[in-house]
Amino acid sequence: MIIHELADAMAALEAAAELGVPVTLLSAPGGAASVGAGWFDAVVREARAAFPQVPADAVLDCGDRADLAQAALRHGLKAICFRGSAAVAARLADIAGQQGAVLYRRFPRALDPFGVADRAAACRAWLAERSG
């Protein structure tokens, strides 16, 4: 589930709790440049605190920006997406691995609730379709 604000993260975790399934919270594509690692981490932490029973991963998309990927890892994020060159990705993956983090190379297919009136219903439908 792509999150643009706390309400998106809360809707995703609420739906996952209702269905008893895990969920992955994703920043918007290029989210590291637009909202930053600190904002993303704070939103994810607050949502997780409201739904501690839900297994929830969180991935910040850094686009092709190695500097933002490194900043996210320094911030302590455990999963990032980097879509830059393979050589840079290999170095970043090594750094991530040393910190117990994961580097993804492709932005996954995800529900983007931007502009959706009933986020909770959209999240439930998306998660139910994938879990069942």
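**Exercise 1.** How many residues does the largest nonpolar core have, and which of them have the most contacts inside it?

*Solution.* Keep in mind that this is a predicted model.
- Step 1: Count the core. It has 40 residues.
- Step 2: Ask where the residues come from. Several elements each supply at least two, including strand 2 (23-27), strand 3 (56-61) and helix 6 (119-131). Helix 1 gives the largest share, 6 residues.

**Exercise 2.** Find the partner of Arg-119 in a salt bridge, and decide whether each side chain's residue is buried or exposed, or in between.

*Solution.* 
- Step 1: Arg-119 pairs with Asp-8, and their closest N and O atoms are 2.9 Å apart.
- Step 2: Arg-119 sits in helix 6 and Asp-8 in helix 1, 111 residues apart.
- Step 3: Check accessibility. Asp-8 is buried because its relative accessible area is 4%, under the 20% limit. Arg-119, at 25%, counts as partly exposed.
- Step 4: Widen the view. Glu-5, Asp-8 and Arg-119 belong to one network of salt bridges that share partners.

**Exercise 3.** Which residue forms a salt bridge with Glu-18?

*Solution.* 
- Step 1: The partner is Arg-124, with 3.4 Å between the closest N and O atoms.
- Step 2: Glu-18 lies in helix 1 and Arg-124 in helix 6, so this pair ties together parts 106 residues apart in sequence.
- Step 3: Glu-18 is partly exposed at 46% relative accessibility, and Arg-124 is partly exposed at 28%.

Notes
Residues are numbered from 1 along each chain as its sequence is written. This is a predicted model: local features need pLDDT of at least 70, side-chain atom pairs count only at pLDDT 80 or more; totals for chains, interfaces and linings use all residues. Side-chain values use heavy atoms; hydrogens and water are left out. A nonpolar core is a set of buried Ala, Val, Leu, Ile, Met, Phe, Trp, Tyr and Cys residues joined through side-chain atoms within 4.5 Å. Buried means under 20% relative accessible area, exposed over 50%, partly exposed in between (1.4 Å probe, protein chains only). Helices (H or I, at least four residues) and strands (E, at least two) are DSSP runs, numbered from the N terminus. A salt bridge is a side-chain nitrogen of Lys or Arg within 4 Å of a carboxyl oxygen of Asp or Glu.
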